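Q: Got a structure open here and want to talk it through. Can you take my questions as they come?

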Amino acid sequence: MEGVYQNNYYGQSFNHNNKVVNLNGVSDLKLLAHPDVTSRPILQFDGPGGIFGGSASSPLKNIEIAGLEIRGPNAAITYEEAMSDREMKRSYYTGRGIAIWAGSYIYIHDLKVHHCPASGIRVNK
């Protein structure tokens, strides 16, 4: 599982809906990097986020996420670019590392999440 994993059309648009991992409708899943690897697998995104999932009608259940690095685009965004996008709110400037909108028994640990324009890790309910 080593390597860099990017969303579809990475680097081609400032506004799209492509996530690296979409967990909608998923239950009983462990998304884990092997503890003996020397480098973490990297999920790199430039859109809405790295890992997304769950909704009121289809919540996640029994999910574990660990051992990954999630890298957003903030290192390449200048203050001027961010300020000029405040009205448009394009996904490049509003992405989240992990966003779980609804679910239960969610275990998120041992991650390196950085350079996310919005939240690094968000779990609603």
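Q: Where is Asn7 found?
A: Asn7 sits in the loop between β1 and β2. Keep in mind that this is a predicted model.

Q: Is Asn7 buried or exposed?
A: Buried. Its relative accessibility is 3%, and the cut-off for buried is under 20%, so Asn7 counts as buried.

Q: What joins the side chains of Asn7 and Asp46?
A: A polar contact of 3.0 Å joins the two side chains.

Q: Next, Gly11. Where is its place?
A: Gly11 is in the loop between β1 (4-6) and β2 (21-22).

Q: Why does Gly11 count as exposed?
A: Because its relative accessibility is 63%, and exposed means over 50%.

Q: What separation do the C-alpha atoms of Gly11 and Asp46 have?
A: They are separated by 6.9 Å. Along the chain, Gly11 and Asp46 are 35 residues apart.

Q: Switching to sheets. What is the strand order in the open sheet of four strands?
A: The order is β1-β4-β7-β10, and the pairing is parallel.

Q: Which are the edge strands?
A: β1 and β10 (112-114) are the edge strands. Each pairs on one side only.

Q: And how are neighbouring strands of this sheet turned against each other?
A: By 20° on average, with direction ignored.

Q: How many bridges are there between β1 and β4?
A: Three bridges, in the parallel sense. Strand β4 covers residues 42-44.

Q: Which residue in β4 stands opposite Val4?
A: Ile42 stands opposite Val4.

Q: Now β8. How many of its residues are buried?
A: Four of its five residues are buried. Strand β8 runs over residues 96-100 and is mostly covered.

Q: In what sense do β5 and β8 pair?
A: In the parallel sense, over four bridges. Strand β5 is residues 49-53.

Q: Which residue in β8 stands opposite Phe52?
A: Ala99 stands opposite Phe52.

Q: What about β8 and β11: how many bridges?
A: Three bridges, and the strands pair in the parallel sense. Strand β11 spans residues 121-123.

Q: Which residue in β11 stands opposite Ile100?
A: Val123 in β11 stands opposite Ile100.

Q: What do side chains do along a regular strand?
A: In a regular strand they alternate between the two faces of the sheet.

Definitions and conventions. Residues are numbered from 1 along each chain as its sequence is written. This is a predicted model: local features need pLDDT of at least 70, side-chain atom pairs count only at pLDDT 80 or more; totals for chains, interfaces and linings use all residues. Side-chain values use heavy atoms; hydrogens and water are left out. Helices (H or I, at least four residues) and strands (E, at least two) are DSSP runs, numbered from the N terminus. Buried means under 20% relative accessible area, exposed over 50%, partly exposed in between (1.4 Å probe, protein chains only). Two strands pair if DSSP finds at least two bridges between them. Axes are lines fitted to C-alpha atoms, for helices over the stretch in contact, and angles run from 0 to 180 degrees between N-to-C directions. A polar contact is a pair of N or O atoms within 3.5 Å; within protein, one must be able to donate a hydrogen and the other to accept it, and residues adjacent in sequence count only if both atoms are side-chain atoms.
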